[in-house]
Amino acid sequence: MPVARPELSDSRVIAHVDMDCFYVQVEQRKQQSLRGQPTAVVQYNSWQGGGLIAVSYEARKFGVKRSMRGDEAKQVCPEIHLVQVPVARGKADLNTYRNAGSEVVSILSRRGRCERASIDEVYLDLTIAAEAMLADNPPECLETVSEEVVKSHVLGLEEVCSDARENVRHWLTRSDASRRDKLLACGAFIVAELRLQVLEETEFTCSAGIAHNKMLAKLASGMNKPAQQTVVPFSSISKLLGTLPIKKMKQLGGKLGTSLQIDLCVNTVGDLLQFSEEKLQEYYGVNTGSWLWNTARGISGEEVKERLLPNSHGSGKTFPGPRALKTVASVEKWLSELCEELSERLQSDLEQNKRIAHTLTLHAHAYKSNDADSFKKFPSKSCPLRYGTSKIKEDALSLFQAGLREYLGLYNVKISGNQNSGWGITGLSVSASKIVAIPSGTRSIMNYFHNQEETCPQVKLSSEKLIQDAPLVSPSEVNSLESGGHLTLQSVEPWIACREENEESKYSMPLDRQKENKDMCKEKLPDKETSICSSPDAEVYRGWEKDQTESSGDYLTEKIRDSLESEEGKRKLNKEKGMPTISRYFQSQHSGSLLKVEHASTSKLSESSSLSDHQSELPEENSPARGESGVDAHLSSQIKLKRPAWSYGIDEIDQDVLNELPKQIQEEVHAWLRPQKRPNTVKRDLGITRYFLPAKDK
């Protein structure tokens with residue numbers, strides 16, 4: 001129902017700009033040969049030449065009307081050019097016209113608050129611009145007045161002389177005019193300038209109405225077309241509304257207007273003046289009654305809202321007569337097309353304008369052929385909007401089925417794709433509303449990871465880079481995994497493939513082929529010189545590597561060691577990425593998905609020349625114990641300094657796998673699994689209960 005809003009000021013300057021047969025102008029700009037020719041834009045449906053969507057003023061002179069179809073228009077005007085509207089997904093595609101309308105809006109918004117009402121309609125609040133012009137350069141001080149301004153129509157202007165344009169010039173430049181009329185005159189100058197800019201930059205003509213509120217400006221914009229403007233002074237409001245049919249007024253074209261005609265015998269807006277506000281409130285309620293009383297006097301406090309973008313997005317199609325949809329399957333097919341278009345527009349709005357919609361609504365027009373309640377309307381249904389074409393389709397279909405059950409009076413019944421109870425859908429549309437701008441402080445989650453890469457270059461390594469930089473480690477390093485080191489299946493896959501290939505072929509190949517295969521396998525391994533050059537135990541690793549290539553009974557394993565990561569980066573990765581720990585590595589040994597760990601004699605490791613060199617460099621107190629390799633001793637000392645936090649219980653470790661491991665590793669694992677002693681903490685105060693507890697014996 002209409003809402004009564006009293007005017008905040010009677011000195012506002014509001015303009016309504018309406019494009020002239022806009023669809024035709026867009027097509028004429030694409031095809032310059034159509035300029036000045038009788039032209040009409042028709043629907044894609046070719047039946048009887050298609051329905052007319054827009055008709056040029058040249059064709060209107062011959063009697064062509066929008067209610068006609070193409071064949072009928074050709075009979076009235078044989079020279080008419082019929083241009084088919086663009087088609088996409090089996091329906092009219094209006095994106096070309098929407099984009100053209102955006103061009104116009106960007107120009108009109110330069111001088112004041114702009115509200116886009118539709119594809120080809122715009123409201124402007126020019127109050128501030130008009131006041132500035134009146135203060136700095138009033139119309140009466142202008143030496144020359146442009147021709148476009150004197151072409152204006154001033155409603156209620158009495159003819160002082162026979163020259164109409166001279167009368168307008170005199171009215172616009174009066175020095176004894178009231179402040180309200182002077183502001184309207186300034187608005188006329190501003191709108192005329194904007195209309196010329198639109199014509200120069202877009203090749204489109206438009207008409208405009210200038211008044212003190214949106215209601216009057218809307219009525220005036222259509223009074224003189226095309227390419228003209230009309231001014232409505234405060235003194236001419238009664239003349240404008242006195243003879244205006246009640247159905248021509250906005251919000252009075254439906255049931256309310258019909259009720260006024262039947263119940264109160266009101267045929268024009270001026271007829272409402274005979275009723276008091278209390279009488280109208282008695283008939284139509286307090287709010288609507290006050291709105292009718294204000295409307296009859298040209299009072300409207302509706303403000304121009306700052307909106308350069310559409311307030312909603314929608315996609316719809318009609319199915320008249322025999323083309324009505326009579327099965328849920330056919331409705332689902334068309335909903336799929338409509339939702340796909342809606343999803344594209346929403347995604348484009350999100351990317352270009354940083355706006356997001358929150359509500360999805362389904363509208364439908366239907367009929368029932370076997371029910372006396374056929375006048376019942378199909379209920380509109382809404383739900384929260386989920387982005388994504390498939391999700392919008394799913395939700396729209398659910399809304400339709402819910403509305404159909406309510407429309408047919410069926411509840412708790414699943415409607416099948418082919419079921420029909422004598423109903424038909426003649427119109428179907430989906431729309432997205434409650435579109436709001438994304439808050440400026442909001443960022444995509446992808447931006448977070450992007451920023452992490454910029455601030456922490458060491459974390460930027462991809463999974464492929466980690467695989468390439470992963471060095472082989474000695475068996476004793478397996479039980480010294482640091483909190484930042486992780487073992488994954490992806491990190492050892494290349495090495496596993498190489499190892500399996502070598503194992504399968506080493507007993508079936510000649511010796512020279514075995515050597516060649518070993519060399520190929522070595523080529524697949526990562527470049528150790530670059531991957532562990534900064535590692536503190538690089539020399540230990542090189543000695544172990546040399547021994548590893550000479551013996552086949554060594555431990556076969558691999559671990560990712562990213563020595564480029566800082567301690568802070570490691571903690572973040574451990575927290576944000578649930579990477580497997582050593583327990584999963586042990587489980588994988590038992591399942592066979594990773595490498596088979598073979599126990600090798602520690603004496604073989606101690607026989608390596610490079611390892612002996614390393615042992616000789618160690619202090620006496622840090623030299624390896626009997627039966628313990630230098631690598632084990634060196635890395636075991638690191639474990640004592642930095643032991644990782646263990647979050648697994650003993651029941652989570654396969655005991656059979658654990659028993660197959662060397663005794664030293666078993667001891668380390670059991671040490672990790674032992675619960676840590678809690679630090680001594682101050683006991684929490686018991687409060688008042690301590691006074692009632694029994695005293696302790698001292």
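**Starting at helix α7**

Let's begin with helix α7, residues 164–172, where Asn167, Val168, Trp171 and Leu172 are buried. Buried here means under 20% relative accessible area, with exposed over 50% and partly exposed in between, using a 1.4 Å probe and protein chains only. Looking down the axis of α7, the buried residues fall within an arc of 130°, so they line one face of the helix. That arc is taken from the directions running from the helix axis to the C-beta atoms.

Before I go on, this is a predicted model: local features need pLDDT of at least 70, side-chain atom pairs count only at pLDDT 80 or more, and totals for chains, interfaces and linings use all residues. Residues are numbered from 1 along each chain as its sequence is written, and side-chain values use heavy atoms, with hydrogens and water left out.

Okay, what do the buried residues of α7 pack against? They pack against α6 (147–150), β9 (153–154), α8 (179–202) and β11 (229–231). Contact, by the way, means heavy atoms within 4.5 Å. The helices (H or I, at least four residues) and strands (E, at least two) are DSSP runs, numbered from the N terminus. At the start of α7, a side-chain oxygen of Asp163 comes to within 3.2 Å of the backbone nitrogen of Arg165.

Now to Val191, which is found in helix α8. Val191 counts as buried, at 1% relative accessibility. Leaving aside neighbours within four places in sequence, Val191 is in contact with Ala15, Leu126, Ala208, Ile210 and Gln229. Its C-alpha atom is separated by 9.1 Å from that of Arg111, 80 residues apart along the chain.

Gln229 sits in strand β11, and this residue also counts as buried, at 1% relative accessibility. Which side chains does Gln229 meet in polar contacts? One is Ser152, at 2.8 Å, and another is Arg195, at 3.0 Å. A polar contact is a pair of N or O atoms within 3.5 Å; within protein, one must be able to donate a hydrogen and the other to accept it, and residues adjacent in sequence count only if both atoms are side-chain atoms.

**A sheet of four strands**

Further along, there's an open sheet of 4 strands in the order β12-β16-β14-β15, with antiparallel pairing. Two strands pair if DSSP finds at least two bridges between them. The edge strands, each pairing on one side only, are β12 (313–318) and β15 (381–384).

Let's go across it. β12 and β16 pair over 6 bridges, with Gly316 standing opposite Ser429 in β16. β14 and β16 pair over 10 bridges, and there Ala364 stands opposite Leu428. Strand β14 (residues 359–368) is joined to β15 by 4 bridges, and Thr361 stands opposite Ser382 in β15.

How buried is β16? 8 of its 11 residues are buried, so β16 is largely enclosed by the rest of the structure.

**The whole chain**

To finish, let's zoom out. The protein chain has 29 helices and 17 strands. Of its 698 residues, 44% count as buried. Among contacts between residues at least 6 apart in sequence, 69% join residues at least 24 apart.
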